[in-house]
Amino acid sequence: MSPVQVYVVGPSSTGKTTLCNAVAKSVGLPTRCYITEVARQVMRSKGYTRADVGTVEMQRAIMLAQLEKEANAFACARWGNSEGLILSDRSGIDPIVYAIMTAKDEGEAHQKEEVLVNIPAFQMALRRYKEAIFLLLNPVEEWLVDDGVRNLDHHERCIKVFRQVLDKFGIKYQEMGAETKKIEDRVRLLEERMALAHRPLVSQMRDTPAIRPRSRTPAEK
């Protein structure tokens, strides 16, 4: 049986790493199966700064590093760990989202997206993503720091682009936001979703109120 893959994605300051750290500790996840802070590591090792966020070179470097760690974790998990779990506080989707957001127009956004999407390692990961759990964290207004760049409007646009990209690639996802602020509640709800992943027929039938499914549009329901 393939390991359960969990990707917690969304804008900065939404609690992705905090949630993942808590879940990893709760289930005793081996470090080799927990992927965290890849973007920071790449920026530090390659000398990138915030000024480089809009470059396709930086986003490509982050994507390749993320996908390499995912592939290594998947290989380790297939040999077996106590939870049969891979957990990450971002995904290969994230660089595409930030490339689109930082483009000056639709033409540049499309060009950047094409460069990243056509990376062979991403195409391989995409097949895994369609079987994975994606949790999109929405911004909680009082958690945000308006620094002139990462304000609430920026986060709302980021969420919109995440939805568009996930939908485009046929990746099912669920959302969590201000209705669930306590870390213990977030951990419990995500662990419940992870447990259901071992029982696919049940997971298709059950909705958790605080984790909102986003696999269909209202018009399709």
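Which residue stands opposite Ser88 in strand S3? Ile35 stands opposite Ser88, and the sections below place this pair within the rest of the chain.

## The model and its overall make-up

This is a predicted model, in which local features need pLDDT of at least 70 and side-chain atom pairs count only at pLDDT 80 or more, while totals for chains, interfaces and linings use all residues. Residues are numbered from 1 along each chain as its sequence is written, and side-chain values use heavy atoms, with hydrogens and water left out.

The protein chain has 9 helices and 6 strands. Helices (H or I, at least four residues) and strands (E, at least two) are DSSP runs, numbered from the N terminus. Of the 221 residues in the protein chain, 47% are buried. Buried means under 20% relative accessible area, exposed means over 50%, and partly exposed lies in between (1.4 Å probe, protein chains only). Among contacts in the protein chain with a separation of 6 or more, 77% are between residues 24 or more positions apart. Contact here means heavy atoms within 4.5 Å.

## Parallel strands

Two strands pair if DSSP finds at least two bridges between them. Strand S3 (residues 85–88) runs parallel to strand S1 (residues 4–9), and 4 bridges join them; Val4 is placed opposite Leu85 of S3. S3 also pairs with strand S2 (residues 34–35), in the parallel sense and over 2 bridges.

The bridge partner of Leu136 in S5 is Glu175. In S4, 5 of its 5 residues are buried. Ile133, Leu135 and Leu137 point one way from S4, whereas Phe134 and Leu136 point the other way.

Helix H1 (residues 16–27) has 12 residues. From its first C-alpha to its last it reaches 17 Å, close to the 16 Å expected at 1.5 Å a residue; the expected span is 1.5 Å times one less than the number of residues. Its buried residues are Lys16, Leu19, Cys20, Val23, Ala24 and Val27. Seen down the axis of H1, these buried residues fall within an arc of 130°, so they line one face of the helix. The arc is that of the directions from the helix axis to the C-beta atoms. On the face turned away from the buried side are the exposed residues Thr18 and Lys25.

The axes of H1 and H8 come within 10 Å and cross at roughly 65°. The contact involves Thr18, Leu19, Ala22, Val23, Ser26 and Val27 of H1, together with Ile183, Arg186, Val187, Leu190, Glu191 and Met194 of H8. Axes are lines fitted to C-alpha atoms, for helices over the stretch in contact, and angles run from 0 to 180 degrees between N-to-C directions.

## Residues with a positive phi

Most residues other than glycine have a negative phi. Ser13 is not a glycine, yet its phi is positive, at about 65°. Ser13 is found in the loop between S1 and H1 and counts as partly exposed because its relative accessibility is 37%.

Glu37 is also not a glycine and has a positive phi of about 55°. Glu37 lies in the loop between S2 and H2, and its relative accessibility of 30% makes it count as partly exposed. A glycine with a positive phi, Gly28, follows H1, and its value is near 65°.

## Ala39 in helix H2

Is Ala39 buried or exposed? Ala39 counts as buried because its relative accessibility is 15%. This residue lies in helix H2 (residues 38–46). Leaving aside its neighbours within four places in sequence, Ala39 is in contact with Ile62 and Arg90. Ala39 and Ala65 are 26 residues apart in sequence and 8.4 Å apart in space, C-alpha to C-alpha.
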